[in-house]
Amino acid sequence: GTTPVNIHGKPILSKTGGWLAAFFIFGNEMAERMAYFGLSVNMVAFMFYVMHRPFTSSANAVNNFLGISQASSVLGGFLADAYLGRYWTIAIFTTIYLLGLTGITLCATLNVLVPNQDECNQLSLLLGNCEPAKPWQMFYLYTVLYVTGFGAAGIRPCVSSFGADQFDERSRDYNTNLDRFFNLFYLSVTMGAIVAFTAVVYIQMELGWGFAFGALAVAMAISNIVFFVGTPLYRHRLPGGSPLTRVAQVLVAAFRKRNASFNSSEYVGLYELQGKRSAVKGSGKIAHTDDFRCLDKAALRLKEDGTNMSPWYLCTVTQVEEVKILLKLIPIPTCSIMLSVILTEYLTLSVQQAYTLNTHMGRLKLPVTCMPVFPGLSIFLLLSLYYVIFVPLSRHITGHPRGASQLQRVGLGLAISIVSVGWAGFFERYRRNYAIREGYEGSFLSPMPGLSAYWLLIQYCLIGLAEVFSVVGLLEFLYEEAPDAMKSIGSAYAAVAGGLGCFIATILNSIINSLTGNEEKRQTSWLSQNINTGRFDYFYWLLTALSIINFSLFLYAARRYKYR
């Protein structure tokens, strides 16, 4: 059932897959991440400076876009595992992605799609006196933005799994190749982010918004061509039918037999097909485990069943074990949600901090929107030195052949994220006090010459290290532990966790604004648009406390988890 096939569904006899096929897939992911990060860092500024939306509402709108594009990834994973396969899911949704980027480019290019920019200077923006965008203009922008997010949702859970499918499970080097693949995969993600935070920002500053968003669309179009060129090289896994239907069948069958006893004289045994072939297309058989014993009743075969083999009444052990695995995986990606919250907040809050700081590096002045490139550079550096420094050192400490297990890497990343956000709180307190002391309290868009923005590099680089350990470890963990016919659903867990983090960040911002701000009493919110009168330091320390609680829960879940 797990035999790889070609694009026509025929078992593969010739040499396919391997690193050459994987590199064609890397290009698609690099362009997708370039577009994703290019929109995330530029869209807040576009809405503020061009569409004349308040900074807070612009940030929340972009957070919602990021959240929906990730949380809806389960749809892409479902379609890939159930009907289309990973290749065709990527092919369809990458085209939708390109259409969305083209629509955003038109919005930034055609004057009719944006409000009037005449007599709208920086002072007018600060006072809110610029002509606001018309409702239909915002409707168009949100439509093409969410079309782009929908395209990303279909691609994200499939690309890493499709790349990992290119390696032969029976190979002696399979685990080593898989470990290196996920590191290189995230390296391609990082390279896309670096290009977005540097080249795309430079294009925006020199040539305008239309050229910047157009560059993202062109890069996506080129990556699509590269992906399709590699088609003859790819190995495919047959879709196993609807995973949600199989999950529902197990739950219904277990409920119907909830009163049956394993000790009853009517008990025949747990049902499974004879021979090597599994009842689940695209999956090998899965051995029975003692977890979630209540679900075993779905496979409980009784004398009274007779010839009734309906999967809604009697499921195979493999089908039941699939559901158990999905349930056992949930706590680990759930604990990664807090990391996503921090990453989302950094995308907006750190940019606001950078606007008040001196971004000169010698004679070179870096744009504020380039600042998020530094986590990418730290990730690039770590992944480049990963097998030279980290693996030998950690292998000496842990005794693990790959340096550290997947869960150990996830935990290390979560621990580093606590240090990052804690430092962010301490630096923000110093920055705010400096601004008040030097008379910049009311000038939150004016850089202070005496305070360098490069102090932000500490929190940026730490969160970059946290991201590479946690996200790469999580992707590898979910792919290896997920059932054979649900690999895309397993990978979607990570994307859904990231999306929930974006939503939680938006909700948390709204709660903090409502609890700490009061216009009638002239009480400034912690997240005031004027960062110098707000209390971003308190907010960072709140995130630190939540991260510590989350890390404690992760340690509990990781200690209880048993690898397959």
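**View 1. Three domains divide the protein chain.** Domain 1 covers residues 1-239, domain 2 covers 243-321 and domain 3 covers 326-563. The model shown is predicted. Between domain 1 and domain 2, the C-alpha centres lie 40 Å apart.

**View 2. Helix 1 runs from residue 18 to residue 49.** The helix has 32 residues. At 1.5 Å a residue, they should span 46 Å. Most of helix 1 is covered, with 25 of its 32 residues buried.

**View 3. Cys 315 is a cysteine in no disulfide.** A disulfide is a covalent bond between the sulfur atoms of two cysteines. The two sulfur atoms must lie within 2.5 Å to count as a pair. By this rule, the model has zero disulfides. For Cys 315, the nearest cysteine sulfur belongs to Cys 294 and is 13 Å away. Cys 315 counts as buried because its relative accessibility is 1%, under the 20% cut-off.

**View 4. Cys 107 is buried.** Its relative accessible area is 0%.

**View 5. Arg 432 sits in helix 13.** This helix spans residues 406-437. Arg 432 has a relative accessible area of 12%, so this residue is buried too. Beyond its neighbours within four places in sequence, Arg 432 is in contact with Asn 532, Thr 533, Gly 534 and Arg 535. Leu 98 is 334 residues from Arg 432 in sequence. In space, their C-alpha atoms are 42 Å apart.

Technical notes
Residues are numbered from 1 along each chain as its sequence is written. This is a predicted model: local features need pLDDT of at least 70, side-chain atom pairs count only at pLDDT 80 or more; totals for chains, interfaces and linings use all residues. Side-chain values use heavy atoms; hydrogens and water are left out. Helices (H or I, at least four residues) and strands (E, at least two) are DSSP runs, numbered from the N terminus. The expected span of a helix is 1.5 Å times one less than its number of residues. Buried means under 20% relative accessible area, exposed over 50%, partly exposed in between (1.4 Å probe, protein chains only). Domain bounds come from an automatic or database domain assignment. Contact means heavy atoms within 4.5 Å.
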